Amino acid sequence: MSIIAIVGNKGGVGKTTLSLNVATGLNNRSRTAVIDADPQRSSLQWRAFSESDAVSVYEAEDDLAAQANTLRQDYEQVVIDCPPSVYAPQTNKALEVSNRAIIPVQPSPMDLWATVHILEAVEKARQINTELKPLLVINQLEPRTMLSKLVRDAVSEIGIPVADAMVRRRAVFRSSALEGKSIYDVGRRGDAAVEEIENLIQEILQ
Ligand SMILES: Nc1ncnc2c1ncn2[C@@H]1O[C@H](COP(=O)(O)OP(=O)(O)O)[C@@H](O)[C@H]1O
Ligand SMILES: [Mg+2]
């Protein structure tokens, strides 16, 4: 089983959005579940009003490693939606059990500064979990702005590999969530977003 932690050092960067949509895309390939480890429980709230065939979301237990081990019986992949801080114990536990750490960053300086601390947390986890591979993903990109280009250049200097796949700011990420759906479940209106998430999944699975 592979475990993918979606981590960040801030709220609002897209951890939950990426968790649910990446997990849905993975679930289309092989059985995938989400563990919601953020005390805000947004993934669980989404699941509470989504359709019955939506990806399963479990509330995180204190012992994430034991929980992941139990889920191993039923799932090929688990995505962990982490708390908005690298200082939260659950973030560190998630990094210790995961094969991948996906780190969404928004094209803003504040986000980049917050990301520096993630590098430290990833390095620390890698001392215990040598398999952990981190990947930064630019989320909420507005391609026409100069800022986005500057941020892309700056992101590549952080010292963590940056995904070629970038996720644009698209209304469908919000509207689908509001309907308790993933971007895969809204027809043509989700196509462009699905393409971006599929490209990201390809890189995650590499
Ligand atoms: N690529 C995107 N395009 C448009 N809106 C987005 C995108 N990613 C996230 N959002 C929106 O931004 C807000 C914060 O995202 P969320 O996934 O809840 O972040 P986090 O879990 O890191 O706090 C939500 O309203 C979400 O719908
Ligand atoms: Mg969240």
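Contact means that heavy atoms lie within 4.5 Å of each other. By that rule, the buried residues of helix α7 are covered by parts that include α1 (15–27), β7 (167–168) and α8 (191–205). The model is predicted. The protein has eight helices and seven strands. Its radius of gyration is 16 Å, close to the 17 Å that the globule rule gives for 206 residues, so it is as compact as a globular protein of that length.

**The whole protein**

- The C-alpha trace spans about 45 × 45 × 30 Å along the principal axes.
- Buried residues make up 52% of the 206 residues.
- Take the contacts in the protein with a separation of 6 or more: residues 24 or more positions apart account for 72% of them.
- The protein exposes about 9800 Å². Carbon and sulfur atoms supply 49% of that area.
- There are 22 positive and 27 negative side chains. The centres of the two sets lie 4 Å apart.

- Helix α7 covers residues 171–178, and its buried residues are V172, F173 and S176. They cover an arc of only 105° around the axis, which puts them on the same side of α7.
- Which exposed residues sit on the face of α7 turned away from its buried side? They are A171, R174 and L178.
- Just after α7 comes G180, with a positive phi of about 70°.

**N21, a residue of helix α1**

- N21 has its place in helix α1.
- Is N21 buried or exposed? N21 is buried, with a relative accessible area of 4%.
- Leaving aside neighbours within four places in sequence, N21 is in contact with F173, S182, I183, Y184 and I197. One of these, F173, is a buried residue of α7.

- A5 is found in strand β1, which runs over residues 2–6. A5 counts as buried because its relative accessibility is 0%, and the cut-off for buried is under 20%.
- Residues up to four places away in sequence are not counted here: A5 touches I80, C82, A94, S98, R100, A101 and I102.
- How far apart in space are A5 and I102? They are 6.1 Å apart, C-alpha to C-alpha, and 97 residues apart in sequence.
- P104 lies in strand β5, residues 100–105. P104 is buried too, at a relative accessible area of 3%.
- Neighbours within four places in sequence aside, P104 is in contact with I6, V7, V13, G14, K15, L18, V137 and N139.
- P104 and I3 are 101 residues apart along the chain, and 17 Å separates their C-alpha atoms.

**Two residues of helix α5**

- Helix α5 covers residues 109–128, and P109 lies in it. At 34% relative accessibility, P109 counts as partly exposed.
- The C-alpha atoms of P109 and V155 are separated by 9.7 Å. Along the chain, the two residues are 46 residues apart.
- A125 also lies in α5. At 3% relative accessibility, A125 counts as buried.
- What does A125 touch, not counting residues up to four places away in sequence? A125 touches L95, E96 and L132.
- A125 and V97 are 28 residues apart along the chain, with their C-alpha atoms separated by 8.9 Å.

- Most residues other than glycine have a negative phi.
- R41 has a positive phi, near 55°, and is not a glycine. R41 lies in the loop between β2 (32–36) and α2 (42–48).
- Q140 is not a glycine either, and its phi is positive at about 65°.
- Where is the place of Q140? Q140 is in strand β6, residues 133–141. At 13% relative accessibility, Q140 counts as buried.

Notes
Residues are numbered from 1 along each chain as its sequence is written. Chains are lettered from A and ligands numbered from 1 in the order in which they are written. This is a predicted model: local features need pLDDT of at least 70, side-chain atom pairs count only at pLDDT 80 or more; totals for chains, interfaces and linings use all residues. Side-chain values use heavy atoms; hydrogens and water are left out. Buried means under 20% relative accessible area, exposed over 50%, partly exposed in between (1.4 Å probe, protein chains only). Helices (H or I, at least four residues) and strands (E, at least two) are DSSP runs, numbered from the N terminus. The arc is that of the directions from the helix axis to the C-beta atoms. The radius of gyration is taken over C-alpha atoms; the globule rule is 2.2 Å times the number of residues to the power 0.38. Accessible areas come from the Shrake-Rupley method with a 1.4 Å probe; for residues, only the protein chains shown count as cover. Lys and Arg count as positive and Asp and Glu as negative; His and the chain ends are not counted. The place of a charge is taken as NZ of Lys, CZ of Arg, CG of Asp or CD of Glu.
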